[in-house]
Amino acid sequence: MTSTIAGKRYPEKFGWRGVLEEYREFLPISVDSPVVTLLEGGTPLLPAPKLSDRVGATVFLKLEGMNPTGSFKDRGMTLAISKAVEEGAKAVICASTGNTSASAAAYAARAGLPCAVLIPEGHIALGKLAQALIHGAKVLQVKGNFDAALRIVRELAEIVPVTVVNSINPYRILGQQTGAFEVVDALGEAPDVHCMPVGNAGNITAYWLGYKHYLEKGRANGLPVMMGFQAEGAAPIVVGHPIADPETVATAIRIGNPASWEGAVHAAEESGGRIAAVSDQEILAAYRFLAREESVFCEAASATAVAGLIKYGVEPGSKVVCVLTGHGLKDPDLAISQIEVPEVVEAELSAVVDRLSLQ
Ligand SMILES: *Cc1c(COP(=O)(O)O)cnc(C)c1O
């Protein structure tokens with residue numbers, strides 16, 4: 001297992017050491033804990049001038065698509081897999097709308113652990129499926145949605161010796177706190193408002209925990225208002241009851257019965273924020289806006305954060321952070337569905353000049 005003990009292998013002068021080493025004092029690891037890392041975290045907090053103009057605030061985008069497997073899931077997975085190794089796990093398993101499986105497969109491979117994945121049949125982006133498979137996970141497509149897959153994973157873990165690395169694994173959420181630490185470190189303070197998508201609700205739970213943790217440790221002097229956004233067709237927390245057949249173009253948050261439901265409600269209530277819904281049209285409009293105006297290609301689920309910011313607004317002049325949870329390249333089919341297919345022309349200068357209005 002060559003990837004362990006990252007701190008000794010990647011001295012500071014070589015740059016970022018991954019979230020466990022960078023934030024060791026805030027996480028449940030000891031000097032002897034194995035560290036399975038792909039040097040996740042340290043993601044950019046990109047100013048968003050056009051979006052700022054549009055909403056009358058100062059908006060930053062936390063580019064979580066820049067993580068090793070292209071989503072924020074790596075922050076929790078490095079801790080969950082490191083702990084699985086420390087505790088002598090023989091295998092790991094997860095249910096996934098895609099990104100958890102991509103991340104679990106990569107970190108398990110790094111640790112030399114077998115990884116099993118249950119995904120909802122036909123409802124995960126091809127890029128994510130490709131990731132899980134190429135990293136060597138055993139993938140099964142379940143004839144049901146994410147909630148059904150997670151139920152089976154929970155039941156399975158009762159009868160076979162396997163570690164669940166969904167966000168019901170507490171280490172996932174503890175690791176994901178590092179997103180909040182980085183935001184505060186980059187801004188020098190907590191933002192006024194924090195916007196993010198809500199699916200299984202682990203990440204909003206983690207960010208709120210992280211912001212409070214940093215405040216307690218004297219690393220921040222305030223807390224943001226937490227704004228979580230669900231897709232209209234998959235908005236159980238907004239409507240107040242589980243949804244049997246969640247439906248949304250944002251497949252990463254196509255979840256009808258979030259495992260961390262209470263964590264999300266708590267974050268919204270305690271911070272003076274809210275959990276609200278946006279339509280698929282609003283999500284796709286934000287997705288295109290981010291690509292065209294801010295040059296950021298994110299997942300549809302990620303654009304939900306920005307759709308919510310645009311729809312519900314903030315106090316003028318607020319400092320706002322939107323977490324863009326995953327990379328747009330994971331789902332090229334969706335991007336292609338949102339643009340016009342390029343025209344085919346003869347291989348002649350005149351034909352090209354005629355079609356491009358550059359003069
Ligand atoms: C997992 C995921 C979400 C939802 O996060 P939760 O912790 O389940 O609420 C949002 N966007 C992307 C890209 C994801 O992979």
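Patches are made of residues with over 30% relative accessible area and no salt bridge, with like charges joined within 9 Å and nonpolar side chains (Val, Leu, Ile, Met, Phe, Trp, Tyr) within 5 Å. A salt bridge is a side-chain nitrogen of Lys or Arg within 4 Å of a carboxyl oxygen of Asp or Glu. The model is predicted: local features need pLDDT of at least 70, side-chain atom pairs count only at pLDDT 80 or more, and totals for chains, interfaces and linings use all residues. Residues are numbered from 1 along each chain as its sequence is written, and side-chain values use heavy atoms, without hydrogens and water.

Q: What makes V345, V352, L356 and L358 a patch?
A: These nonpolar residues form a patch on the surface, with about 360 Å² of accessible area together (Shrake-Rupley method, 1.4 Å probe; for residues, only the protein chains shown count as cover).

Q: Why is L358 called exposed?
A: Exposed means over 50% relative accessible area, buried under 20%, and partly exposed in between (1.4 Å probe, protein chains only). L358 has 74% relative accessibility and therefore counts as exposed. L358 is found in the segment after α16 (349–355); helices (H or I, at least four residues) and strands (E, at least two) are DSSP runs, numbered from the N terminus.

Q: Why is L39 called partly exposed?
A: The relative accessibility of L39 is 30%, so L39 counts as partly exposed. L39 sits in the loop between α2 (19–22) and β1 (45–47).

Q: Is S295 buried or exposed?
A: S295 has a relative accessible area of 66% and is therefore exposed. S295 lies in the loop between α13 and α14 (300–312), and its phi is also positive, near 60°.

Q: How do you know that the span of α13 is close to the expected one?
A: The expected span is 1.5 Å times one less than the number of residues. Helix α13 (residues 280–293) has 14 residues and reaches 19 Å from its first C-alpha to its last, close to the expected 20 Å. Among its buried residues are I283, Y287 and L290.
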